[in-house]
Amino acid sequence: IWLFFNHITTILLQPRQTGKSFSTDGIMTYLLNVRCTKTEITLVTKDDTLRAANLERLKNIELELPYYMRIRTKADISNTEELTVKALGNKYRGHLPNKSPKMANKVGRGLTTPVFQFDEAAFLENIAITLPAALAAGTAARDRARAKGDPYGTILTTTSGRVDDRDSSYIYRMLQYSTIWSEKLFDAKDEEDLRRIIQANAPQEPGKRDKNIRINATFNHRQLGYTDEWLKQAIMDAE
């Protein structure tokens, strides 16, 4: 959450069933219902089932808000692809990847928003095409948000993929050339200093002039409070 509001692109990697999307759900609920006005938020996730699940979680979290913060009405859109908060002019839309490289590029180029979440990023078809296209398409929207002092940024949440898979290997490479998360980053005196520290500690990616300003936030089961026995059982259940 702290990284997002400091506009640092973050890749959050956690084991399955450990709530990897919950912190991001909190951010999105806050943006939609409190912080933003006239803002569109983009979700890209693996399939219809996960898209519906993401939107359903946001609806359920909203129900836990105090009544005076629940400002969506029957006039608002509320389905498995889109949520709106018309009172604030906000919209949250879910999109799916595409197996066709041409269409994957078209999907990305159509995402002209300041806030992105790529869920299960390691499993998104043609993520290497869609992600760069989306970030390029959203440049103007991020610039407008920056000028207004509004939130903007990119979050990638995922479970672990296979390094020999085309799409997963792209995210794996992103992780390898990102600065590893450390609580020492909290010592940065401001956003500019934070970006400097992250860039100074990032591995140099071959073929790039500048180091990436991006965080690799990978957490294993022990860091998240789960036992080795839990992990063994989770592996057995998944086989």
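Two or more lining residues of the largest pocket come from each of α5, α6 (139-148), β6 (153-158), α7 and α8 (191-201); helices here are DSSP runs of H or I with at least four residues, strands are E runs of at least two, and both are numbered from the N terminus. This is a predicted model, so local features need pLDDT of at least 70 and side-chain atom pairs count only at pLDDT 80 or more, while totals for chains, interfaces and linings use all residues. Residues are numbered from 1 along each chain as its sequence is written, and side-chain values use heavy atoms, with hydrogens and water left out.

The volume of the largest pocket comes to about 630 Å³. For pockets and cavities, a 1 Å grid is laid over the protein atoms alone: a cavity is a set of points where a 1.4 Å probe fits but cannot get out, a pocket is an open set with protein on both sides within 12 Å along at least five of seven lines, and lining residues have an atom within 4 Å of a point. Grid points are joined across faces, edges and corners, and a volume is the space filled by probe spheres set on the points. There are 23 lining residues in the largest pocket, and T9, L135, N212, I213 and R214 are the closest to its centre. Sorted by class, this lining holds nine nonpolar, six polar and eight charged residues, where Ala, Val, Leu, Ile, Met, Phe, Trp, Tyr, Cys and Pro count as nonpolar, Asp, Glu, Lys and Arg as charged, and the others, Gly among them, as polar.

The largest cavity has a volume of about 40 Å³ and is lined by T29, L32, N33, L58, K59, E62, R72, L83 and V85. Two or more of these lining residues come from each of α2, α3 and β3 (82-85). By class, the cavity lining splits into four nonpolar, two polar and three charged residues.

Turning to the packing, the largest nonpolar core has 17 residues, and F118, L156 and I171 touch the most other members. Such a core is a set of buried Ala, Val, Leu, Ile, Met, Phe, Trp, Tyr and Cys residues joined through side-chain atoms within 4.5 Å; buried means under 20% relative accessible area, exposed over 50%, and partly exposed in between (1.4 Å probe, protein chains only). β1 (9-13), β5 (115-119), α5 (127-137) and α7 (166-176) each give two or more residues to this core. A second, separate core of 15 residues has M28, L31, L32 and Y92 among its members. L156 is in contact (heavy atoms within 4.5 Å) with T9, T10, I11, L12, F118, A121, L131, I171 and M174, leaving aside neighbours within four places in sequence. Within α5, the residues I127, T130, L131, A133 and A134 are buried, and the cover over the buried residues of α5 includes α4 (101-109), β5, β6 and α7.

Strand β2 holds L43, which counts as buried because its relative accessibility is 0%. Beyond four places in sequence, L43 touches N54, L55, Y92, R93, G94, H95, Q117 and D119. D119 also turns up in the contacts of K46, along with L96, P97, F123 and L124, again not counting residues up to four places away. K46 sits in the loop between β2 and α3 (48-63) and is partly exposed, at 35% relative accessibility. Although K46 and P97 are 51 residues apart along the chain, their C-alpha atoms are separated by 6.6 Å. The K46 side chain also makes a polar contact with the side chain of D47 (3.0 Å); a polar contact is a pair of N or O atoms within 3.5 Å, where within protein one must be able to donate a hydrogen and the other to accept it, and residues adjacent in sequence count only if both atoms are side-chain atoms.

Some other loop residues are worth a look. T39, in the loop between α2 (22-35) and β2 (40-44), is buried with a relative accessible area of 9%. Q17 has a positive phi of about 65° although it is not a glycine; Q17 lies between β1 and α2 and is exposed, at 71%. N126, in the loop between β5 and α5, also has a positive phi, near 55°, but N126 is buried, at 4%.
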